[in-house]
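Work through the exercises below with the sequence and the model side by side. Try each task before reading its solution.

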Amino acid sequence: MNAIIFGLIGTAVTLFLGKTFLALEYDQLLFSVLIANVLCFSSLIVVLQAEAHPQLKKLLVSIAHAWALFWLVFISGILITCSWMRDVKTMLVLWIPLFFSGAFSALVFGPVQDRIVWARQRRSMHR
Amino acid sequence: MNTHSTQTEQDLDIVAIWLRRDPARWVAGALAGVVASAVLILFAMMLCKANGMDLWYPVKVAAIPFMGGAAMDYDNSASIFPGILAIEVFSVFWGVLFGHFTGTNRFLPLLGVGFTWGVFTWIFWVNLFLSSFREMYVASIPKGGAFFVCLAWGFALTSVSIFDRLIKGGK
């Protein structure tokens, strides 16, 4: 339920700020929200997979490192896919609302995470 | 609805932090933001006074996006209130986010995040965002002093632990 509430609030704030203060079009903003969801999901998968990798696991010693990896993937992806986000003002105003609008991806991530961890545990049991 | 059911080996469950609904923590963060904004304004005013600048320079600078270059006039006291309000709103917003993303009340981790928050604010908001306004660029905020003001603001946000304990009754 939290994912839907955070996602709706994030999307509404993104549309409001983007249209009112940044003069962006609705199609640009909705595309940004869609991309934010794809990138949040991708970032979570990257963090999850990095935790299982022997070399990368050493780097992810705390939650701060996990967040750093998450943001690296998320911000890079936003900058690559949305050209209008390459403006400092736009990026600084929209990155937090976009991050929360990406909360919808958590609905999909939960079952996928379960599946990945289950498969990983099954593999290690067979070894 | 379960969105993060399986814990991973290291318990780095960032989804749980991201989607945590804890209104008491948000209020604690907002109150910490108010305290931090007071620290920011007072510390910045002290630095300005010590360097022979207008005492109200820090709050007048914050009013520039709303009032334009006229906010910086020496005898213009009308820009003081909007400036204080702008700093308060900014600080409360980041205080709530600070509270949201830091679940702990331990001092050292909070200090670390406070440091990051301060440096982030200095790099992105002071140097990049504010400088993108022409009048703000002309006002030329002293970057060295602003760095220490941002750090003091970030460290003051650690007061979230005090408010969190007060609101949750010492838990």
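## Exercise 1: What covers helix α4 of chain A

The cover over the buried residues of α4(A) includes α2 of chain A as well as α1 (14–18) of chain B. Note before starting that the model is predicted.

**Task.** Which residues of α4(A) are buried, and which are exposed on the other side?

**Solution.** 
1. Check the helix geometry. Helix α4 of chain A takes in residues 63–81, which is 19 residues. At 1.5 Å a residue it should span 27 Å, and its end C-alpha atoms are 27 Å apart, so the two agree.
2. List the buried positions: A66(A), F70(A), F74(A) and I78(A).
3. Recall the helical repeat. An α-helix has 3.6 residues a turn, so residues three or four places apart point the same way.
4. Turn to the other side of α4(A). L72(A), S76(A), L79(A) and I80(A) are exposed there.

## Exercise 2: The two sides of helix α1 of chain A

**Task.** Find the buried residues of α1(A) and say what they pack against.

**Solution.** 
1. Start with length. α1(A) has 19 residues and reaches 27 Å from first C-alpha to last, close to the 27 Å expected at 1.5 Å a residue.
2. Pick out the buried residues: A3(A), F6(A), G7(A), G10(A), T11(A), T14(A) and G18(A).
3. Identify the partners. The buried residues pack against α2, α5 (88–101) and α6 (105–126) of chain A.
4. Look at the face turned away from the buried side. F16(A) and T20(A) are exposed there.

## Exercise 3: K19(A) and A23(A)

**Task.** Are K19(A) and A23(A) buried, partly exposed or exposed?

**Solution.** 
1. Locate K19(A) in helix α1 of chain A.
2. Count its surroundings. K19(A) has 14 other C-beta atoms within 10 Å, so it is partly exposed.
3. Find its contacts beyond four places in sequence: L24(A), Y26(A) and L29(A).
4. Compare with L79(A). The pair is 60 residues apart in sequence and 19 Å apart in space, C-alpha to C-alpha.
5. Move on to A23(A), in the loop between α1 and α2 (26–52) of chain A. A23(A) has 8 other C-beta atoms within 10 Å, so it is exposed.
6. Check the backbone. A23(A) is not a glycine, yet its phi is positive, about 55°.

## Exercise 4: A helix pair in chain B

**Task.** At what angle do the axes of α6 (residues 107–129) and α8 (residues 143–156) of chain B cross?

**Solution.** 
1. Take the axes. They come within 7 Å and cross at roughly 145°.
2. Assign the hand: α6(B) passes α8(B) in a right-handed crossing.
3. Name the contact residues. Those of α6(B) include W117(B), G118(B) and T121(B), and those of α8(B) include F147(B), C150(B) and G154(B).

## Exercise 5: Chain A as a whole

**Solution.** 
1. Count the elements: six helices and zero strands.
2. Of the 127 residues of chain A, 31% count as buried.

Technical notes:
Residues numbered from 1 in each chain as written. Chains lettered and ligands numbered in written order. Predicted model: local features only at pLDDT ≥ 70, side-chain atom pairs only at ≥ 80, totals over all residues. Helix = DSSP H or I, 4+ residues; strand = E, 2+ residues; numbered from the N terminus. Buried ≥ 20, exposed ≤ 12 C-beta atoms within 10 Å, placed from the backbone. Contact = placed C-beta atoms within 7 Å. Expected span 1.5 Å × (residues − 1). Axes fitted to C-alpha atoms, helices over the stretch in contact; angles between N-to-C directions. Left-handed = near helix turned anticlockwise from the far one by under 90°.
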